[in-house]
Amino acid sequence: MPTLFRSFQEFLKKPKGAAYLFILPAFITLLIFTIIPLVNAVVISFQNLTIFLAPPKFVGLSNFSRLLQDDRFWNALKNSFYFLLEVPFQVILGLLVAVFLSKNTLFRKFARTIFFVPTICSLTAIAIVWSFLLDAQIGIFPYYLTQIGLPQLQFLSDPNMAMPTIILTTVWKNFGMTMMILIAGIQSIPNSYYEASQMDGANGVVQFFRITLPLLIPSLGFCIITNTIGSLQVFDQIYVMTQGGPLHTTETLVMYIYNVGFSTQPFDLSYASAIAVVLFLLIMGISLMTNNYLTRRETVDISEG
Amino acid sequence: MKKLLSVVSLLMAAAMVLSACAPAATTQPPAATQPPAATQPPAATQPPAATQPPAATQPPASSGAITITFWNSFTGSDGDTLKAIVNDYNAQNTGKIQVEMDIMSADVFNQKVPPSIATHTAPNLIALNVADTLTYSKQGSILDLSDFFMATGVNKSDFLPSSLQIANFGGKQYGIPMQMFDSTNLYWNKDLFKAAGLDPEKPPTTFDELETMAVKLTDASKGQFGFGMFASAAPQWYAVLIKGNGGDVVDMANNKSVLNSDANMKTFDYLHRLAFTEKVTPKSTGGVAMDNIMQSGKLAMYFNGPWAIPGLKSHNINYGIAQVPAGSAGTFAILDGTLFAIPAGTDDAHKAAVYQFLKYWNSTANGKRWSTTIGFPPYLNSVINDPEVKANATISLLANNAKIAAPWMPGLVSAGNIDANVLFPLIEQLQNDGTVTDMVNKASSQVDSILQSNK
C-alpha cells in the first residue's frame, strides 16, 4: 500500500501525471453527460424500447434496416444537408464583414457589436420573434412586400420557401460569431506582409486572396468545422418556427428524432436512437474529413516558423 | 512540505470531482417541469427519478391526511377553473384529503408520465384523453377502476352510457369521466356570411353546400378564407367527412387499411379541390394559428371543439354553432373526452383517496359548476336535467349536437399514430399539388405498415 501511494506521488510529480489530474473533473463531466448517454443510445438502438420503459428485448439490426427503407428518414437526411448550405453563406458573409471591420476605429467597433448581438440572443427567442415577423397573416415583412407589389408570400407555410427562410434566419444569427473569430485571425496577421506586398504592387483584392485568406485557414477551418457540426444538429429554430413542416420540408434529422421518440405515438425510443447513431457516424465522418483537409492545407501554405 | 502539497492537491481534485458528480439532479432540470399552479406549494413537482428513492406513496401531510398528486395538461383558461375547484376541495377536506395539482403542457405531459410510471415516481391521478387511456391500459400503466362505483356508492345510472363506454376496454373500466365533448361542431362567422350575401342564420347542412358557401366566402385579395382545414394540432375534423360519406380508415375485423376505398377517394378528391383548386383554406396551418385567423375575423367556417368558444367571445366574433354538415351516408361527429386514470403502482390508501375526489368531481353540484363555467355539455343525467343548465342556450345546443357523436377509430391502439403520422400529413399534401390517387394509396400502405408493426 505505501509503495503504491509512493509511486502515485512520483507519477503526480511529473508534468504528465499532474496534467491528468487537472483534466479529471472535465473528463468525469464528459463521461457522465456525453460518453455514457452515447453508449446508451447505441445499446438502445439495438432494442425495442418505447417511452413506457417496458423491459426491452434485443432486436438486432431491425431498427437500422427499417430506417434504410423509411422515406421520411431519407427526407430528413436530405433536409439536413440542405440546411448545411447555411455554413458557406454564413462563413462568406462573416469573412466579408470581417475584412471591412478589421481595423479598430470607433465606428467599426460599434458595428461589430451590432452584428454580434444576435449571437448572444436566445435561439428560441429569435425563432419566436422571426416567426411573428414572417407570419403570412400578421407579419410585417409579408405586409410590406405586398405593399410594394409582391404577392402574399407564405414564408413558413410554403413548402419551397420554408427551408430557405430558416437558413437565412440562422445565417443572420450566426455570422456575428464567425465575424469575430475571423477578425481576431485577421488582426494577428503582421502588417509587414501587407506593406511588403504593396511595395510589390499588389492591390486590395490581390492582398486579400494571396495574404489574408491563406493565413486565415486555421480560423476558417475552425469556423467551418464547428458550424458544420452545429448545423447538422439544428433543432431549436425548426421546432419553434415550423415543427418540421410544411410537408416535412424542414424536418431535419434531429427534428425527426424528436418527432419519432417524443412527439407522436408510439414514442419509439429505439428507432429514434438508431437515427441518432446514424447522425453521430455522419457527423464524425464529416468532421474527420474536413479536419484532415484543412490541416493538410495549413501545413502546406503557412511559412511561419 | 511537498508531501503536504500533494495531499492538499489530491483533496482539492477530489472535491472538484465530487462537485461535478453531485448536481446530476440539479443540472438536469426535471424535464422542463412547468412551475406548479400559483397556489400549490413547490412540493407538487415530482423530484427527478435519478436521486429520489422510488416513492409511489406520499407521506401524509399531517396525522391522517392523505395527499394525492394530480398531473394534467389543462394549461388554458379551463385550467384556472380546475385550480379553483381543487382549491375549494382542499379547503373542504383539510386534514383528510389534499390534492396537489401539477399542470404542464401536453407534450411535456406525454414525455413525463410514462417514464414516471415505469420508475415508480408517478402521481396518484392523471387526466388522459380517450386514445391515451387505451394505450396506457394496453401497456399496463393504469389501474382497473371497475370497482369505483361499488367502493364509493356513486350512482352509475346517473352517467350517460357513452361516457363510461368510451373508457371501457375489454370489459374493464380504465377511466372515470372528467369531461365529455363533441370535438367537432361547425362554427361560422355570421358577419362574413352577411357580407358575402349568404343568410347568416343558415349554415351549410351538406358537404355540397359547404363547398359552394366556402367558395363564396373566400376572398384572396382580403386574405379571407372560407373553410379552415387544420393540418395539425387539432381534433380529427376530417373524420366528419370520411365517415359522413360512408368511408372508414381501418377494417377492424381484418386489421387492414380501407383508406383507399372508393367512398374515401371521392372525399379526398373533394378536399383536394377545396384546398388546392378553390383555395378556401390557409395552407399547412395548425390548431393555434387557425384559431388566430378565426379570431381575427379572416376565416368564415371551421370544425372545432367547445374550447374555441372563449376565444371567439373575447375577440367579439359574431359566431354561430351548428351540427356538422351531412354527407351521403349521414352525419358524423367525434365523441371525445378527458378521463381520470390512476397510474399503476398507486397503493390502496391513495387509490381510495383518489376515489373520494372523483366522487366529488362527479357530484351534481360540481358537474354543474364545470359545465356552466367551461361551457361543455354535461354527461351526468342529474346535471343535464337541471333547469339552469337546460336554460343555458350554448350548452343545450352542444348537448343536442353531441347526440350523433361517436368515438373515432375506437379500440384501435395505433389510432394516435395513424392520425398524427398518416392522416394529418395526407390532409397537408392534399392542400398542395399532386395526384389524389397516388397520395391516398401511399397513405393507405402506410396505415397497413403501422397495423402490421403493432401485431
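## Confidence of the prediction

The model is predicted, and its scores are ipTM 0.78 and pTM 0.82. For chain B the mean pLDDT is 86, with 88% of the residues of that chain at 70 or more.

## Overall form of chain A

Chain A is built with 15 helices and zero strands. Its C-alpha trace spans about 85 × 75 × 30 Å along the principal axes, and the radius of gyration is 24 Å, whereas a compact globule of 305 residues would have a value near 19 Å.

Of the 305 residues of chain A, 31% count as buried. When contacts between residues at least 6 apart in sequence are considered, 69% of those in chain A join residues at least 24 apart.

## Contact between chains A and B

The contact between the chains involves 25 residues from chain A and 29 residues from chain B. On the side of chain A that touches chain B, at least two residues each come from helix 1 (2-13), helix 2 (15-44) and helix 14 (253-263) of chain A, and helix 2 of chain A gives the most, with six residues. Sorted by class, this side of chain A holds 15 nonpolar and 10 polar residues, and no charged residues.

## Domains of chain B

In the domain assignment, chain B is divided into domain 1 (55-181 + 336-402) and domain 2 (185-335 + 406-453). The centres of these two domains of chain B, taken over C-alpha atoms, are separated by 30 Å, and 18 residues of domain 1 of chain B are in contact with 16 residues of domain 2 of chain B.

On the side of domain 1 of chain B that touches domain 2 of chain B, helix 4 (130-138) and helix 17 (393-401) of chain B are the elements that give two or more residues, with helix 4 of chain B giving the most, five residues. By class, this side of domain 1 of chain B comprises nine nonpolar, seven polar and two charged residues.

In soluble globular proteins, nonpolar side chains tend to be buried together. The largest nonpolar core in this model has 119 residues, and those with the most contacts inside it are Ile68(B), Phe227(B), Ala300(B), Ala341(B) and Val447(B). Helix 18 (residues 415-430) of chain B gives the most to this core, with eight residues, and the core draws at least three residues from each of domain 1 and domain 2 of chain B.

Setting aside residues up to four places away in sequence, Val447(B) touches Val249(B), Val250(B), Ser257(B), Leu259(B), Ile418(B) and Val422(B).

## A buried loop residue in chain A

Leu156(A) lies in the loop between helix 8 (140-147) and helix 9 (162-187) of chain A. Leu156(A) counts as buried because 22 other C-beta atoms lie within 10 Å, where the cut-off is 20 or more.

Beyond neighbours within four places in sequence, Leu156(A) is in contact with Ser131(A), Leu134(A), Ala162(A), Thr165(A), Met241(A) and Thr242(A). Lys13(A), by contrast, is 143 residues from Leu156(A) in sequence and 61 Å away in space, C-alpha to C-alpha.

Definitions and conventions. Residues are numbered from 1 along each chain as its sequence is written. Chains are lettered from A and ligands numbered from 1 in the order in which they are written. This is a predicted model: local features need pLDDT of at least 70, side-chain atom pairs count only at pLDDT 80 or more; totals for chains, interfaces and linings use all residues. Helices (H or I, at least four residues) and strands (E, at least two) are DSSP runs, numbered from the N terminus. The radius of gyration is taken over C-alpha atoms; the globule rule is 2.2 Å times the number of residues to the power 0.38. A residue is buried if 20 or more other C-beta atoms lie within 10 Å of its own, exposed if 12 or fewer, and partly exposed in between; C-beta atoms are placed from the backbone. Two residues are in contact if their C-beta atoms, placed from the backbone, lie within 7 Å. Ala, Val, Leu, Ile, Met, Phe, Trp, Tyr, Cys and Pro count as nonpolar, Asp, Glu, Lys and Arg as charged, and the others, Gly among them, as polar. Domain bounds come from an automatic or database domain assignment. A nonpolar core is a set of buried Ala, Val, Leu, Ile, Met, Phe, Trp, Tyr and Cys residues joined through C-beta atoms within 7 Å. pLDDT is the predictor's confidence in each residue, from 0 to 100.
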